[in-house]
Amino acid sequence: MKRASLAVLALLLGVLAWSIGFEPGWLQQRQLRLAAPGWAGPPLTIAVAADFHVGAPHAGLPMLRRVVREINTAHPDIILLPGDFVIHGVLGGQPVAPESIAGELALLKAPLGVFAVLGNHDWWLDGERVRKALETVGIRVIDNRALPLPGAEDRLWLAGIGDDMTDHADPAKAFAGVPADAKLLVIMHDPANAPSLPPQTLVAFAGHTHGGQVRLPFFGALITPGRAPREQAWGWIPDVPAATWVTAGIGTSILPIRFNCPPETVVLRLGGNEELRDTGAPGR
């Protein structure tokens, strides 16, 4: 019994050391494929990174620079950033100014542009300050609005939904100006708004949940913030009107811990004959 107890204790200590000391910095690039029968244009490469929480342990400016390099290396057509650029009360964190964060994100390059919505942590700090910092470097913040993508074929539009937790989400306003025959990409901070997606949505992306940060085998996320159910904490989520990927994000919140849920950037190839699938990092 004593040996068994010591073995269990050693295992638990090992898991804890991994979850605090290694996995939060183990950045993955998840490669996705999604067929789009309603999309007549050429295949589109979309890069997504959410929940940077710059200043959290393992998620400082060096991690941000890695994210920028990895995304640029994928040569995406468009880059989408679904919010939470700053930290607010993570254990062991050191806040970083939004202007410094935006200065690094300014290096992101995509022919169709770089777009963002704000998250709850951005609003808790100062939403207008974060917005100004991003827009000063050319990143368009599109909370609750939509716009056509110049240079994209087949009447492609992009819509952004504001943050749900801080009552900035207005899906009806976001989609109000989208033509009925347009095809649509959507970014939102919180997957709680996924049930509001219109039928012409090709694909949507959300963050906020961090995948749960801790995902137990055969169970999934232990805890998720906001209104979205636990089953929608990460990956392709069920029972919504359009294909929606919820990313595990980059940084951490409250506790600087990740288990079975490493940080990720997402690169999705939209169009062609591929089925909806995940070809990225180890399964969770």
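Trainee: What volume does the largest pocket have?

Mentor: This is a predicted model. In it, the volume of the largest pocket comes to about 440 Å³.

Trainee: Which residues lie nearest the centre of that pocket?

Mentor: Q213, I223, P225, S253 and I254 do, out of a lining of 21 residues.

Trainee: How do the residues of the lining divide into nonpolar, polar and charged?

Mentor: Eleven are polar, nine are nonpolar and one is charged.

Trainee: Now the helices. At what angle do the axes of α2 and α3 cross?

Mentor: Angles under 35 degrees count as roughly parallel. Helix α2 spans residues 61-73 and helix α3 residues 98-105; their axes cross at roughly 30 degrees and come within 9 Å. Therefore α2 is roughly parallel to α3. The crossing of α2 past α3 is right-handed.

Trainee: Which residues make the contact?

Mentor: From α2 they are L61, L64, R65 and V68, and from α3 they are S100, I101, E104 and L105. By class, this contact has five nonpolar residues, two charged and one polar.

Trainee: How far apart are the axes of α3 and α4?

Mentor: They are 9 Å apart, and α3 packs on helix α4, residues 120-136, at an angle of about 30 degrees. So α3 is roughly parallel to α4. α3 passes α4 in a crossing that is right-handed.

Trainee: Which residues of α3 and α4 make that contact?

Mentor: α3 contributes P98, E99, A102 and L105, while α4 contributes L125, R129, V130, A133 and L134. Seven residues of this contact are nonpolar and two are charged, with no polar ones.

Key. Residues numbered from 1 in each chain as written. Predicted model: local features only at pLDDT ≥ 70, side-chain atom pairs only at ≥ 80, totals over all residues. Heavy atoms only, no water. 1 Å grid on protein atoms, 1.4 Å probe; cavity = no way out; pocket = protein on both sides within 12 Å on 5 of 7 lines; lining within 4 Å. Points joined across faces, edges and corners; volume = space filled by probe spheres on them. Nonpolar A, V, L, I, M, F, W, Y, C, P; charged D, E, K, R; others polar. Axes fitted to C-alpha atoms, helices over the stretch in contact; angles between N-to-C directions. Helix = DSSP H or I, 4+ residues; strand = E, 2+ residues; numbered from the N terminus. Parallel < 35°, antiparallel > 145°, perpendicular 65-115°, else oblique. Left-handed = near helix turned anticlockwise from the far one by under 90°. Contact = heavy atoms within 4.5 Å.
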